[in-house]
Amino acid sequence: MSEILARADSAVEEVPETPGRGDGRAAGYLPGRTLPLSVEFARQFRRRRTLVMFGLLLALPWVLVAAFELGAGSGQPTGTLRMSDLATEGGLNFAAFALSVSASFLLVVAVALFCGDTVASEASWSSLRYLLAAPVPRDRLLRQKLVVALAYSAAAVVCLPVMALLAGTLAFGWNDVRVPGTGETVAALDVLPRFGIVVGYVLVSQFVVAALAFLLSVGTDSPLGAVGGAVGLVIVSGILQAVDALGSLREFLPTFWSTAWLDALAPQPDYGGMVKGVAVSVTYSVVLVALAFRRFRRRDVVS
Amino acid sequence: MKLAGKPVAWIALVAVLAAAVAVWILWPSPSGARPQEQSITVLDGPRDDQRVTLDATFFPPAGGGRAPAVLLAHGFGGSKQSVREAAVRLAGDGYAVLTWSARGFGRSTGQIALNSPDYEVKDVRQLVDWLARRPEVRLDEAGDPRVGVAGGSYGGAIALMAAAHDDRIDAIVPQITWHDLADALFPEAGGRGPQDGVFKRMWAGLFFSRGGTSPAPVPGAPRAVTEEAPPASAQEVRCGRFLPELCDVYQKIAETGRATPEAVETLRRSSPVSVPGRIRIPTLLIQGTRDSLFTLAQADANARAVAATGAPVSVAWFDGGHDGGDGEIDWLHERTAAWFARYLKGESGQAEAPFTVTRDGGRDPGTRRPVQLHATSPAYPGLYGAATTQIPLEGPAQPVANPPGGSPSSISSVPGFGVPTGAGLSLSTEMPGQSAHFDSAPLTAPLQVTGGSTVRVRVRTEGDSKDGVTLFAKLYDVGVGTQAPVLPDGLVAPVRVAVSSGGTGEATVTLPVIDHRFDAGHRLRVAFTTTDLGYSTPAAPAVYQVELASPALTVPTDAALRTPPNGPSWWTWALPAVAVVVAALLLLAGRRRRRTDHDPDLADVPLRIDGLTKAYRNGELAVDDLSFTVERGQVLGLLGPNGAGKTTTMRMMMGLIHPDAGEIRIFGHRVSPGAAVLSRLGSFVEGPGFLPHLTGRANLELYWRATGRPERDAHFAEALEIAGLGGALDRAVRTYSQGMRQRLAIAQAMLGLPDLLVLDEPANGLDPPQIREMREVLIAYAARGRTVIVSSHLLAEVEQTCGHVVVMHRGRLVTAGPVRELLNGHGPGNGSGSRLEDVFLDLIGEKA
C-alpha cells in the first residue's frame with residue numbers, strides 16, 4: 001500500500017513547503033478559482049429533482065394542449081372572455097394562459113426549490129464542510145451557489161412560456177392575441193417583445209421567493225424546510241393581500257404585484273404596476289440576500 | 001435550523017410588540033364632543049302659522065372653537081338617523097354638523113310638503129337661524145353663519161331649494177337629486193316636456209309610499225317604542241304623512257298616467273327648475289350613473305342653471321344612485337369634505353375637477369374586487385359631449401306591437417331593486433314582437449360614450465293616435481359570440497312620438513345618458529320597445545312601424561375625460577435604493593477584518609493550538625483552553641471519550657467553527673474560515689460528505705475542481721487506488737456501503753497529498769484487512785515529512801499507528817506526548833506491558 005504513496009511522491013516535483021504567497025496556500029490554489037460555475041452547474045444538474053422539475057415544466061404545456069383538445073368538443077362557449085376561454089386563440093394566447101396558471105404556484109415552487117435547496121442540501125449531505133475546508137471562501141461559495149440557483153430558476157421561468165408558445169403555436173396556430181375581458185386583438189408581432197418583458201417580469205417577481213428560500217437555505221440543514229418556508233411566505237402574503245382593511249399597505253406585500261404582467265398584454269400596455277412590482281421585489285430580495293451572506297459568514301457550520 | 005436566534009432577541013421582539021399594542025390601545029382617540037339631541041321648533045306654512053317640532057342632532061366640531069357649519073339632510077323615507085355616520089365623519093373633519101328629520105319624517109311633526117318653499121325651505125331657514133346662535137359656529141356676520149348644505153335625493157333637493165331661498169348658505173353638495181321633479185317622473189326623451197311625458201309609475205309609487213309608512217306621532221310627546229300604534233284613519237292609509245293637496249295630485253296622476261298642468265305646476269314648485277338664477281353659490285353636483293329615478297340629465301340641468309349665475313360648479317358621476325351600484329361612500333365623503341374645505345373653510349387645496357366620472361378600474365390585484373377609477377376632465381361637456389361621432393346604424397322598418405293592457409312588459413331595471421352589477425349579467429328582457437332594433441357594424445376601435453346619444457326615429461301607425469306613440473329607446477352593447485347584449489346601467493329613454501293625422505311621426509330621441517366603453521368588435525344597438533315594467537303604457541293594443549329617419553347615431557364623447565395616470569410613486573425609486581444601502585450596511589458591518597496573520601517562527605510547525613476555547617450555545621464549554629503542538633512527520637492520535645471535544649477541535653482546525661478564544665495555527669498561519677492555508681489541509685471529519693446522485697469518481701473530480709487547483713496536483717490515480725473501490729467507482733454514491741463511502745472520503749482527504757491530514761475515526765466501517773492497510777498508508781504518508789492527525793476510539797489501533805497522542809477529556813487537555821512515554825509513565829511498575837487502553841481509562845478517571 002505504501003508504494004502507492006511513494007509513486008505519488010515521485011510524481012510531485014517538490015512538495016511546496018514554502019509557497020510563493022504569504023498566506024501559506026498550497027501550490028496552485030487561488031481563492032478566486034474555487035468552485036467554478038461549471039462545477040456547481042454539473043453538481044446540481046444531475047439531481048433527480050432538477051430533472052423532474054424541468055420535465056414537469058416542459059411537459060405542462062403539452063398536457064394543457066391535450067386538455068384543451070380533449071375538452072374542445074364537449075364544452076359549449078360560455079361567452080365570457082376570461083383568459084382560459086381565449087387560450088385556444090393562438091400560440092401567444094396559450095402561452096399567456098399557461099403562464100397565468102403556473103406563475104402563482106408552480107413557478108414559485110420551482111424557484112423555491114432551486115434556491116432553497118442549494119445550500120441546505122449540501123449541509124444535509126455533509127459535503128458543505130468539505131467544500132468550506134477545501135477551502136472555498138464562504139462569500140464565494142454563497143455567490144457561486146446563488147448565481148447557479150438563479151440561473152436554474154431563470155431557466156425554469158423561461159422554459160415554461162417558451163415551451164407553451166411552441167406547443168400553442170403548433171396546436172392552435174400563430175395568431176394575433178385576443179385580450180381577455182374586452183376581446184380586442186393585438187398583432188402578434190407587437191406582442192412578442194412585450195411577451196419577453198412579461199417573462200422577465202415574472203422572473204423578477206420571483207426574486208423575493210428566491211431570496212427568502214436562499215436565506216432559509218443558509219440557516220437550515222433541511223432542504224424541505226427552506227423550500228416550504230419560502231412557499232409558505234407566498235401563501236401568507238397571498239392571504240394578507242385579500243384583506244382590504246390593510247389598504248395601500250398591501251402594495252408592499254411581496255406577492256401583491258405578481259399578476260401585474262397582465263397589464264402588459266392589454267392593447268395599451270400599462271407598465272406602472274410592473275414597475276412597482278419590480279421595486280418591491282428588488283427591495284425584499286436585496287435585503288434578504290444580504291442577510292443570507294451576513295448570516296453564513298458568521299455561522300458555525302456544524303452539519 | 002437556528003433561525004430562532006438567542007432568547008434576548010425573542011424577549012426584545014415580544015417587548016416591542018407589547019409596546020406597540022399598548023400604544024395602539026392607549027392612543028388618544030379623537031375626543032369629539034358628544035352629539036346633542038335637539039328639538040327645534042319652527043314656524044312655517046304659507047302664512048308662517050304652523051308650528052312644527054323638528055327632531056335634530058347637533059354634532060359639535062371636533063377641533064372645538066367656532067367652525068363652519070354643515071346642514072346634512074336625509075333622503076326620502078329616511079330620518080336624521082340615516083345620515084348619522086356621515087355627520088360624525090364631517091364633525092371629525094372640523095365642522096359643526098346639524099342633522100334633522102324633515103317635517104313628516106322620523107320624530108319630527110308636520111306633514112310632507114315635498115321641499116316646498118312654504119314649508120321645508122322655511123324650516124331650513126330657521127335651522128340656519130338656530131345655527132347662527134350656536135357658540136360653536138363661525139359667523140360671517142351677526143345672524144349669518146358660515147354654512148353649507150349637503151344631502152342625497154330628497155335631501156339634495158332641499159340643499160338646492162334652500163340655497164335658492166337663503167343667501168346665507170355658502171356652498172352646497174346635492175347628491176342624486178332632481179332638477180325638475182315633473183320631468184323626472186314624466187320623462188320624454190323627444191324634448192316635449194312632462195305634459196307629454198311617460199309616467200314612471202313604479203318609481204313614483206315607491207316614492208310616495210315611503211312617505212306614508214310611519215304614522216305621525218302625537219305632537220309634542222315622543223311616541224314610546226312599546227306603545228301600540230293606534231289604528232290608522234282612512235286619511236292616513238290613503239295619504240300617509242303627505243300634505244292632503246299633494247296626496248290628491250299624486251292620486252290623480254297615478255290613476256291616469258298623464259301629468260295634468262296643475263300636477264306639473266305642483267311638482268315644479270318643489271324643484272330647482274322653479275328658481276332659475278337664484279342658486280349663486282359653489283355647487284358640487286354628485287349624481288349616480290345607476291339611477292333610473294333621477295338621471296344624470298337632472299344633474300346636468302342643475303349644473304347649467306347654477307353655472308349660468310357664474311358660480312363655481314363641479315359635476316361628478318359616481319358608481320351609485322337609486323338603483324344601487326358600489327355607493328362609493330368614502331369617495332363621496334372625501335369629495336364633500338374637499339368641497340366644503342375649499343368653500344367654507346377657505347382652504348386653498350387642489351381645485352375640484354369640473355367633471356369627474358367613476359369608471360371601472362378592473363379588479364384589485366390582491367382582493368380581486370372591483371376597483372373604481374376616477375376620470376377627470378378640465379371642463380364639463382354637458383350631455384351631448386365635447387365632441388360627437390356618427391355611428392351608422394342598419395335595420396329595416398320593423399313592426400312592433402303594444403300588447404293589450406301593456407302586459408307582458410319588457411324589463412330594463414326594477415326600481416328599488418336595482419340592476420345587478422356583475423359583469424355580463426343583465427336583467428333586461430325584451431318581449432318578442434315588442435321591439436325594433438338597429439345595429440351598427442362591429443366597432444373597429446373601442447368607443448367611450450360619455451353622455452346621451454341621439455337618433456332620429458320615424459313611426460307609422462294606423463290606429464288611434466291622438467295620444468302619440470309611446471316607445472322606450474335603449475342603447476345596447478352587443479358583444480361577440482353568445483354574450484347577451486348589455487343595457488348599460490339598465491337605463492331606458494321613454495319617448496312619446498307625436499303622430500300627424502296621416503299616421504306618421506318623427507322625433508329626435510336622446511338615449512339614456514351613460515358613461516360606457518364599447519369594446520372593439522362589439523356593436524351598438526338602438527332598440528325601441530313598446531313596453532317597460534317601470535312605466536305606464538297605453539292599454540289599447542296597437543301595431544306600429546318603426547324605422548330610422550336618418551340611419552346614424554350621434555354619439556357624444558369626451559376625449560379630455562381621462563383617468564389621471566398614477567405614475568410610479570416616490571417609493572418605487574426610493575425603496576430599492578434604501579434596500580441596497582441596508583444590504584451594504586448588513587454586509588460591511590458583519591465583515592471580519594481579513595489580515596494575513598503569520599508567525600514565521602512556526603512556519604515549519606504543522607499545527608499549533610493555543611488556548612483554544614469554544615462554548616456550546618448553552619454556555620457549557622466544549623473545548624476549554626486547549627493547547628498542543630504537532631510536529632512534522634508525526635502520526636498523532638487524538639483520544640478522548642465521547643463529548644471530549646475532539647470533533648469540535650477538528651472543525652475549528654477546518655475553519656468551520658469560530659473559536660471563542662485562542663487560536664489555531666497551521667504552518668504558522670492562523671486558521672479562519674476559508675483561510676488559504678487550509679488548502680494544505682486534508683480532512684475527513686464526522687463521516688463522508690458526497691453528492692449521492694453522482695458516481696464516486698465524479699464526486700472526487702468535482703471536489704477537486706471545486707478547489708480550483710490544477711488537475712495534475714490531485715494524484716487521482718493514487719487516491720483512487722487507496723480507496724480501492726474498483727468498478728464501484730462509476731456507480732452513484734447512494735448505492736455505496738458505509739465502508740465504501742468511508743474509503744472514498746479518506747481518498748478525497750488525501751487528494752493533492754496535503755501536508756497535514758486530519759482524519760476522524762478513519763477505521764469506522766472498515767474490515768480488519770482494510771484497517772491494516774489503512775494503518776500502513778498513514779504511517780507511510782507521515783514518513784515523507786507530512787503529518788497525520790487521527791482521532792479514534794480503537795485504542796489498540798491508535799497504539800499501533802500513532803507515535804504521539806493527545807488525550808482530551810471534557811474539553812480539556814489531559815496529557816500529550818509520545819505513546820511510548822505515556823505507556824512507560826503509567827506502567828504498572830515493571831516498565832512494560834501496560835496497554836494504552838489502561839492508561840487512557842486511568843487518565844480520564846474512569847478506571848474501576
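Good morning. Across the interface of chain B and chain A, 20 residue pairs are found in polar contact, with both partners at pLDDT 80 or more. I mention the confidence value at the outset since what you have before you is a predicted model.

Which secondary-structure elements of chain B supply this surface? At least two residues each come from helix 12 (570-589), strand 28 (681-684), helix 14 (696-707), helix 15 (716-723) and helix 17 (768-783) of chain B. Helix 12 of chain B makes the largest contribution to the side that touches chain A, namely 12 residues. By residue class, that side of chain B comprises 43 nonpolar, 23 polar and 25 charged residues.

Let me turn to the extent of the interface. The size of an interface is often expressed as the accessible area lost when the parts come together. Here the area buried between chain B and chain A is about 7,600 Å², and carbon and sulfur atoms give 60% of it. Within chain B, the residues that lose the most area to chain A are B:W571, B:L586 and B:L656, which together account for 8% of what that side buries. In terms of residues, 91 of chain B are in contact with 89 of chain A.

Next, the charged pairs. Side chains of opposite charge can pair when their charged atoms come close. How many salt bridges does the rule find across the interface of chain B and chain A? It finds one. B:K614 pairs with A:D300 in a salt bridge, and their closest N and O atoms are 2.6 Å apart.

Over all chains, the count of salt bridges by this rule comes to 53. One within chain A joins A:R47 to A:D117, with the closest N and O atoms 2.3 Å apart. This pair links distant parts of the chain, 70 residues apart: A:R47 sits in the loop between helix 2 (37-45) and helix 3 (48-71) of chain A, and A:D117 lies in helix 5 (residues 106-125) of chain A.

I close with a helix pair in chain A. Helix 9 (residues 207-219) and helix 10 (residues 223-240) of chain A pack at an angle of about 145°, and their axes are 8 Å apart. The crossing of these two helices of chain A is right-handed. On helix 9 of chain A the contact involves A:V208, A:V209, A:L212, A:A213, A:L216 and A:S217, while helix 10 of chain A provides A:G225, A:A226, A:G229, A:A230, A:L233 and A:V234. Of the residues in this contact between helix 9 and helix 10 of chain A, nine are nonpolar, three are polar and none is charged. Thank you.

How values were computed. Residues numbered from 1 in each chain as written. Chains lettered and ligands numbered in written order. Heavy atoms only, no water. Contact = heavy atoms within 4.5 Å. Buried area = accessible area lost by both parts, 1.4 Å probe. Salt bridge = Lys/Arg side-chain N within 4 Å of Asp/Glu carboxyl O. Polar contact = N/O pair within 3.5 Å; in protein donor to acceptor, adjacent residues only side chain to side chain. Helix = DSSP H or I, 4+ residues; strand = E, 2+ residues; numbered from the N terminus. Nonpolar A, V, L, I, M, F, W, Y, C, P; charged D, E, K, R; others polar. Axes fitted to C-alpha atoms, helices over the stretch in contact; angles between N-to-C directions. Left-handed = near helix turned anticlockwise from the far one by under 90°.
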